[in-house]
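Please look over the notes below alongside the model.

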Amino acid sequence: MADFSRLPEECILHVLSRTSPEDVCRAAMVCPVFRSAADFDFLWEKFLPSDVDDILSRAVDRIEYSSKKELYFNLCDPILIDDGKMSFCLEKSSGRKCYMLSPKLLRLEGFEWISLRDSRFANVAELVDGPWLEIYGTLESKILSRETMYGVHLVFSIVERSRGLDRFHKATVKLGGNVSHRVGRFRGRKRKQPSSNGNLAAVDVMEPHRRPDGWMEIEIGEFYTSDGDDGEVKMCVVDNNARHISGLIVHGVDIRPKC
């Protein structure tokens, strides 16, 4: 077995800094030398985002930490920023940024503001009985991690007496000239999407699934953040042909790296 204790500490730190947080934690289990190196602030500074000080200054609650490693893992749990209108966290295995937009940052047609005890945000939005569904949102891509494929997920729940949520809706996510289209629905059995002429079209339907926090989510699109290619991410979910649609509670839009 190799004797890593003979390697200079600077060499070990340099090698570990070229890996990922997940790899560092695994290496720390191999031998005491790696375990010691895995606690250095120099190493975890490499995994923290370059704008971490700005993010901390926008936090609703002060983030306490005694080391960069502790700060990193504290930020792996969502924190509220920007007066509680957005949440931020790090993907634990990679350190890539994740954001969730509250309904207050979305443009919603036909919704009313309510409060729920188990929601991440102070206010969520419930769709009242109406003939359409329209949800719009934007986010500056420059605040996200570079060279990363992101998935955009609408986070929601459904009230007991809801209507029209088994209908198909259309979703679009756009960044620059790249556009991602989805067709989905909030509940119902999986089937193919009917085309405009009534025939079954070979289009996969995005189905919702339950999140670890108990809410539901459905992927509405994806985009890739190229290095130096900043712009505005635009997203929308629409159904303009429903006669009656109600009972959808929007908790926010979750934007996180795809596996």
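**Notes on a loop and a strand**

1. Asp82 sits in the loop that links β1 (79-81) to β2 (86-90). The model is a predicted one, and in it Asp82 takes a positive phi of about 55° without being a glycine. Asp82 is partly exposed, its relative accessible area being 27%.

2. Asp83 also belongs to the loop between β1 and β2. Its phi, near 60°, is again positive in a residue other than glycine. Is Asp83 buried or exposed? Asp83 is exposed, at a relative accessible area of 74%; the cut-off for exposed is over 50%. Asp82, at 27%, counts as partly exposed. Both backbone values can be checked in the displayed model, at about 55° for Asp82 and near 60° for Asp83.

3. Strand β13 covers residues 232-239. Six of its eight residues are buried, so the strand is largely enclosed by the rest of the structure. Buried here stands for a relative accessible area under 20%.

4. Which way does β7 run relative to β13? Strand β7 (residues 133-140) is antiparallel to β13, and eight bridges join the two. Within this pairing, Ile135 has Val237 of β13 as its bridge partner.

5. Strand β9 (residues 169-175) pairs with β13 as well, over six bridges and in the antiparallel sense. Lys174 lies opposite Lys234 of β13.

Terms used. Residues are numbered from 1 along each chain as its sequence is written. This is a predicted model: local features need pLDDT of at least 70, side-chain atom pairs count only at pLDDT 80 or more; totals for chains, interfaces and linings use all residues. Side-chain values use heavy atoms; hydrogens and water are left out. Helices (H or I, at least four residues) and strands (E, at least two) are DSSP runs, numbered from the N terminus. Buried means under 20% relative accessible area, exposed over 50%, partly exposed in between (1.4 Å probe, protein chains only). Two strands pair if DSSP finds at least two bridges between them.
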